Amino acid sequence: MKNSTKKITTIVATAIICVSTLAGATVGAGAKAVQNINAPTTSVSQKQSSKVYKIDLKGNPATSYDWSYEVNTPDVVKSISKEYKSDPHYDGVMGVGGFYRYKFVGVKEGDVKITFKYSAEGYTVNKKTVTLRVDSKLNITESKKQNGKPFNYYGHGFTKKGYDWDYRINKTGIVDIKVQYTPNKVNPWKAPGTYKFTFTGKHAGDVKVNVMYMKSDKIQVTETLNLHVDKNGNVTRV
């Protein structure tokens, strides 16, 4: 099976990086996603029912990537706002990312599925789908899936050119991959920081992932991870 390859080259000190390996999602040969460390991840602002449903999606307007969404039953909910807020950052740091906040309200009773995509020039590097229930009083509740235990892999490195990482995976749709780089607290500009690769199970199966990151300007580390996802979504290294 052909490998699916995605790469993000980052250029500032603080952030969270997330790229989902999506079933059916492909990137053309030689395609390269270049963006800030503040690449996309997602979080939901509330879990209980509410008149307004809010969701936060990590992103960076300094890149060409932006969030869009599709609704399978558009007459059940409608979007009332989309706003961007920057993450806290050091003075003088350029291109710092943040998050986009969408707000939806109910229009009529029913169920709806909203799919968010973080894309540029036809390439989607992250995807988030939520299922919502709107009751007769137009309160909105999100249907949550029970997640298994993820697997974390840690690496240490630093490069003056940016905090570069890459991966190659032999199957899509088995795990989601999220990468968080934490700068060195004592000297973030010269001392090595920590890469945290988090693998979350999507479907039961086995997958091989080669993770690569820059230990220094000239040294790249490659680690092969053979992972197993059980029927409960728990991820283990085998």
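These notebook entries cover strand pairing, aromatic pairs and salt bridges in a predicted model.

**Ground rules.** I worked on a predicted model, so I kept local features only at pLDDT of at least 70 and side-chain atom pairs only at pLDDT 80 or more, while totals for chains, interfaces and linings use all residues. Residues are numbered from 1 along each chain as its sequence is written, and side-chain values use heavy atoms, with hydrogens and water left out.

Entry 1: I took helices (H or I, at least four residues) and strands (E, at least two) as DSSP runs, numbered from the N terminus. Two strands pair if DSSP finds at least two bridges between them. I looked up β16 (residues 205-214) and β17 (residues 220-229) and found them paired in the antiparallel sense over ten bridges. Gly-205 stands opposite Val-229 in β17. Five residues separate β16 from β17, and the two strands form a hairpin.

I then followed β17 to β18 (residues 235-237), where the pairing is antiparallel over three bridges. His-228 stands opposite Thr-236 in β18. The hairpin of β17 and β18 has five residues between the strands, and Gly-233 takes a positive phi near 85° there.

Entry 2: I counted a salt bridge where a side-chain nitrogen of Lys or Arg lies within 4 Å of a carboxyl oxygen of Asp or Glu. Arg-237 and Glu-223 meet in one, at 2.8 Å from N to O. The pair links distant parts of the chain, with Arg-237 in β18 and Glu-223 in β17, 14 residues apart. For burial I used relative accessible area: buried is under 20%, exposed over 50% and partly exposed in between, with a 1.4 Å probe and protein chains only. Arg-237 is partly exposed at 39%, and Glu-223 is partly exposed at 24%.

**Entry 3: other salt bridges.** The count by this rule comes to eight salt bridges. One of them joins Asp-66 and Lys-82, with the closest N and O atoms 3.2 Å apart. Asp-66 lies in β6 (residues 66-71) and Lys-82 in β7 (residues 77-86), so the pair ties together parts that are 16 residues apart in sequence. Asp-66 is partly exposed at 33%, and Lys-82 is partly exposed at 36%.

I also looked up Asp-111 and Arg-133, whose closest N and O atoms are 3.2 Å apart in a salt bridge. Asp-111 belongs to β9 and Arg-133 to β10 (residues 123-134), so this pair ties together parts that are 22 residues apart in sequence. Asp-111 is partly exposed at 46%, and Arg-133 is partly exposed at 33%.

**Entry 4: aromatic pairs.** I paired rings of Phe, Tyr and Trp (its six-membered ring) if their centres lie within 6.5 Å; planes under 30 degrees apart count as stacked, over 60 as edge-to-face and the rest as tilted. My search of the whole structure found 16 aromatic pairs. Tyr-102 and Phe-104 are stacked, at 6.1 Å centre to centre with 20° between the planes. Both Tyr-102 and Phe-104 are buried. Phe-104 also pairs with Phe-116, edge-to-face at 6.1 Å centre to centre with 70° between the planes. Phe-104 lies in β8 (residues 98-106) and Phe-116 in β9 (residues 110-120), so the pair ties together parts that are twelve residues apart in sequence. The relative accessibility of Phe-104 is 1%, and Phe-116 is buried at 0%.

I noted one aromatic cluster formed by Tyr-153, Trp-165, Tyr-167, Tyr-181, Tyr-195, Phe-197 and Tyr-213.
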